[in-house]
Amino acid sequence: MKITVIGAGNVGATAAQRIIEKELAHHVALVDVVEGVPQGKGLDMYESAPIELFDTKIVGTNGYDETAGSDIILITAGIARKPGMSRDDLQNTNAGIVKDVTEKAVAKSPHAIIIVVSNPLDVMTYVAYIRSGFPANRVMGMAGVLDTARFRTFIAMELDVSVQDVNAFVLGGHGDSMVPVIKYTTIAGIPIKELLPADKIKALSDRARNGGIEIVNFLKTGSAYYAPSAAAVEMIESIVKDRKRILPCAAYLTGQYGLNDVYCGVPVKLGKDGIEQIIEIKLDDDDLKALHKSAEEVKTNCAKLKFD
Ligand code: APR
């Protein structure tokens with residue numbers, strides 16, 4: 001098992017660290033455009049092996065030769081939105097980056113499974129799908145696991161219970177329009193509506209929806225990376241170990257939930273073949289409407305992409 005992580009920034013480097021410490025691969029290649037950074041971070045991480053006791057080799061590089069034959073490619077390359085930069089500008093810049101790294105990576109690893117983390121997530125996953133030419137089961141985006149983890153954390157904090165007992169699904173695009181599905185939110189199997197009043201539940205789901213901004217407001221520069229990297233690695237683990245976890249991921253829809261030709265967060269079964277099944281849960285009308293609205297926004301943004 002070989003894993004390539006593209007982007008040796010906060011999310012990429014932390015994901016690489018989690019991967020090697022969990023020994024999810026024999027080899028990890030950490031790629032970045034900035035000279036020295038992936039090499040330095042990779043070597044620093046490798047030097048922790050005798051202490052953390054893992055045998056995974058990690059190498060940092062500015063090229064793609066070392067990535068050849070990867071089973072999984074995690075794309076975290078991109079830039080953060082800067083002051084004065086519109087969402088469209090950010091999308092154009094990161095689309096250029098994701099196009100470039102996808103083409104270079106798939107040329108060396110034609111059988112890999114791609115997981116995209118770069119934002120705007122659903123649009124960047126679509127870019128990787130188009131540019132890789134891979135079947136849709138091998139190209140997915142990480143958003144739902146993170147959004148759901150945030151929601152689960154807030155519920156556990158509110159009820160003072162173990163996060164392990166909180167189950168939830170946050171679906172839709174990764175952004176303001178994401179859809180926390182209350183109907184399937186349970187605590188040790190007990191529907192959340194039996195434990196919390198509606199206004200409290202709404203406040204918690206609103207907080208989850210704004211979870212990314214909450215962290216940015218604290219950090220001032222940069223955005224969240226501990227939970228995003230953990231979420232990406234949970235997906236990788238399910239694939240590497242063929243665990244067949246049911247996780248909310250950005251998947252390419254071809255009619256499911258009445259949506260077509262769009263990447264959107266839905267529950268999927270993740271195993272050795274990537275997305276092995278898209279699971280269609282029964283949604284209330286309001287949630288389905290919200291899912292469609294969210295997918296519509298993704299589509300509108302995808303329509304602005306220019307593929308040469
Ligand atoms: N090839 C390889 N690496 C690149 C390229 C490229 N063409 N362009 C940029 N990078 C690298 C940068 O050099 C940087 O090291 O991507 C890295 C991004 O790291 P950070 O700026 O630390 O951003 P991070 O917090 O890791 O977020 C990465 O994930 O969650 C999303 O919105 C976030 O799109 C962003 C991405």
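Here is a walk through some salt bridges and helix contacts in this structure.

The model is a predicted one, so local features need pLDDT of at least 70 and side-chain atom pairs count only at pLDDT 80 or more, while totals for chains, interfaces and linings use all residues. Residues are numbered from 1 along each chain as its sequence is written, and side-chain values use heavy atoms, with hydrogens and water left out.

Let's start with charge. Side chains of opposite charge can pair when their charged atoms come close. A salt bridge here is a side-chain nitrogen of Lys or Arg within 4 Å of a carboxyl oxygen of Asp or Glu, and the structure holds 15 of them. One of these joins lysine 200 to glutamate 158, with the closest N and O atoms 3.9 Å apart. That pair links distant parts of the chain: lysine 200 lies in helix α7 (residues 198-209), glutamate 158 in helix α6 (residues 144-159), and they are 42 residues apart. Helix names come from DSSP runs (H or I, at least four residues; strands are E, at least two), numbered from the N terminus.

How open are these two side chains? Buried means under 20% relative accessible area, exposed over 50%, and partly exposed in between, using a 1.4 Å probe and protein chains only. Lysine 200 has 33% relative accessibility, so it counts as partly exposed. Glutamate 158 is partly exposed too, at 35%.

Stay in α7 for another pair. Aspartate 206 bridges to lysine 202, their closest N and O atoms being 2.7 Å apart. The two sit four residues apart in helix α7, so about one helical turn separates them. Aspartate 206 is partly exposed, with 24% relative accessibility. Arg209 joins in as well: Lys202, Asp206 and Arg209 are linked in a network of salt bridges.

Further along, lysine 272 and aspartate 273 meet in a salt bridge at 3.5 Å, N to O. Lysine 272 is exposed at 51% relative accessibility, whereas aspartate 273, at 41%, is partly exposed.

Now for the helices. Two packed helices are described by the angle between their axes and the distance between the axes. Axes are lines fitted to C-alpha atoms, for helices over the stretch in contact, and angles run from 0 to 180 degrees between N-to-C directions.

Back to α6 and α7: their axes come within 8 Å and cross at roughly 140 degrees. That makes α6 oblique to α7 (angles under 35 degrees are roughly parallel, over 145 roughly antiparallel, 65 to 115 roughly perpendicular, and the rest oblique). Residues making the contact (heavy atoms within 4.5 Å) include Phe151, Phe154 and Glu158 of α6 and Lys200 and Leu204 of α7.
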